[in-house]
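Subject: Structure handover

Hello,

Please find the structure below. Notes on what was found in it follow.

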Amino acid sequence: MKLITAIINENKLDQVREALIEAEITRITVSRVSGHGRQRGENIYRGQKIVPNLLPKVRIDIGVNEAFVDITVNTILEAAKSGDEGSVGDGKIFITPLEECIRIRTNERGGEAI
Amino acid sequence: MYRQFKLVFVICVIFLIPLSAFAQDAINIDSGATAWMLTSTALVLLMVPGLAMFYGGLVRTKNVLGTMMHSFAAMGIMTVLWTVVGYSMSFGENILGGWIGWNPEYFLLKGIDESIMAAGVPEYVFSMFQGKFAIITPALIAGAFAERISFKAYCLFIALWGLLIYNPLCHWVWAADGFLLNMGAAGAIDFAGGTVVHISSGVSGLVAAIYIGARRGYPKTTISPSNMVMTMMGAGLLWVGWFGFNAGSSISSGLATAQALTVTQVSAAAGAMTWLIIEGLHTGKATALGFASGILAGLVAVTPAAGVVQPYGALALGTIASIICYSAILLKNRIGYDDSLDAFGIHGIGGIVGALVLTFFIRESWMTAAASANGGSWSVWQQFGVQAIAVGIAIVYAAVGTFIILFIINKLLGLRSSDADEMAGLDHSEHGERGYGMLNAN
């Protein structure tokens, strides 16, 4: 089992969600987060150039069984990239090993519960 | 001493003679009526940010600013148009066979600088009061196609709609020589804009919602409100502002004002109560959105009726309007068109219900006056016929006109925002901003 965490541009949330649902990955947790990477965000605010130190992003967490890792990652990559080339600020995907997963309703454990 | 008095007297006479023309006008100002009309003008404007909050809270987080901008843009665009030609088109004398009015004096409001109306109110106040109605009417339509229209197309749409749909309707119903005002014994009754404002905007909204098509994912995915708290504040502001809308439409400060104010309050409350009860019985939960919808249904229904019904009639109007609007929204969900914020379901249906049902609650004295104007007799059903014709004309004119305007704009600019823009949200794609910024860490 793996936990896939993607930090994406907040404007791409619906595109990613629609693509995931299309690929039959329907379980998802979404949160609003702030952060920055190497992105140099230059915004115009009231005519002045300012460099914001934190940018709004969306974080997606999906727990998957091994067989679904590739399709999930590829779907996110495709949907979250801006244009064909992509641009700074499109985000990152982290994959971490997942030790256990328990469904609260039934007490099921492991791959069944995901 | 005496000579000084004489001199002062002579000077006074010299200055007073040429001033007497103005002095006579100045005497005619009824400061009570003017003060109330100034207040009403401000109250009706307050409804526009109220509407922005009401609609803004009902859309998704990514569209909140875009939706609020629909209301605010109307404040800018419609005021400018109203000043240049709108007032003249609405309240000038019949031209083009009575289709619109025109009075060169009203062009750019040039000729009303010192004009005082017969009601004792400066004409500036009346024209600005009426201008506020021209703002809120197209802003109401925006609820029907929220979350998916391009901002540029919207701006062009409300400008053309205001000029070609609102101004003629306003002229027919409210100008002294408008043909609906003079129909039947005592005219089609539309005290504060049931046909002009609510039926026209609701029907146009329905046409636009169908023409533009549903939001992406509707009705399969749930599209839930971003901020019900803001919606409730907006509904409250609309209720408060409606006192200017209805009670101000008496263009006086007296008995008619008091009558309109009372029935406005009563109908809004009856509508809200009824909606809660229906919803409680139907779904088991009385929602805040239901209460707000009931307020609006009641207010919309009493808008044409505020000048002619008594409180028991207002109770009935609010109740009936809520029942029918609730059913209309259920029906919408079954049919499946995406009138996103129920511009037609509340304003269109509520306006039609109000304009027709008011006939059965008209106060005695009005019917007596109508009968004597008609040479002895005037029945409720004759008035109902007049009301039905006015409603029918408003529906057909608004629907056909809106369709033509939408068709032309769609060819020129394209009405709908692109799929990518719609998914990203209008705040980002149309305005480059985001609402609810304070949720971000910095």
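How much area do chain B and chain A bury between them? The figure is about 1,000 Å², with 41% of it on carbon and sulfur atoms; buried area is the accessible area (1.4 Å probe) that two parts lose on being put together, summed over both.

This is a predicted model, in which local features need pLDDT of at least 70 and side-chain atom pairs count only at pLDDT 80 or more, while totals for chains, interfaces and linings use all residues. Residues are numbered from 1 along each chain as its sequence is written, chains are lettered from A and ligands numbered from 1 in the order in which they are written, and side-chain values use heavy atoms, with hydrogens and water left out.

Interface: 12 residues of chain B are in contact (heavy atoms within 4.5 Å) with 12 residues of chain A. There are three salt bridges between the two chains, a salt bridge being a side-chain nitrogen of Lys or Arg within 4 Å of a carboxyl oxygen of Asp or Glu. B:Arg434 forms a salt bridge with A:Glu10, with 2.7 Å between the closest N and O atoms.

Strand β1 (residues 2-9) of chain A runs antiparallel to β5(A), joined by eight bridges. A:Ile4 has A:Ile62 in β5(A) as its bridge partner. Strand β2 (residues 29-35) of chain A is also antiparallel to β5(A), with seven bridges; here A:Ser34 is partnered by A:Pro56.

Regards

Key
Pairing = 2+ DSSP bridges. Helix = DSSP H or I, 4+ residues; strand = E, 2+ residues; numbered from the N terminus.
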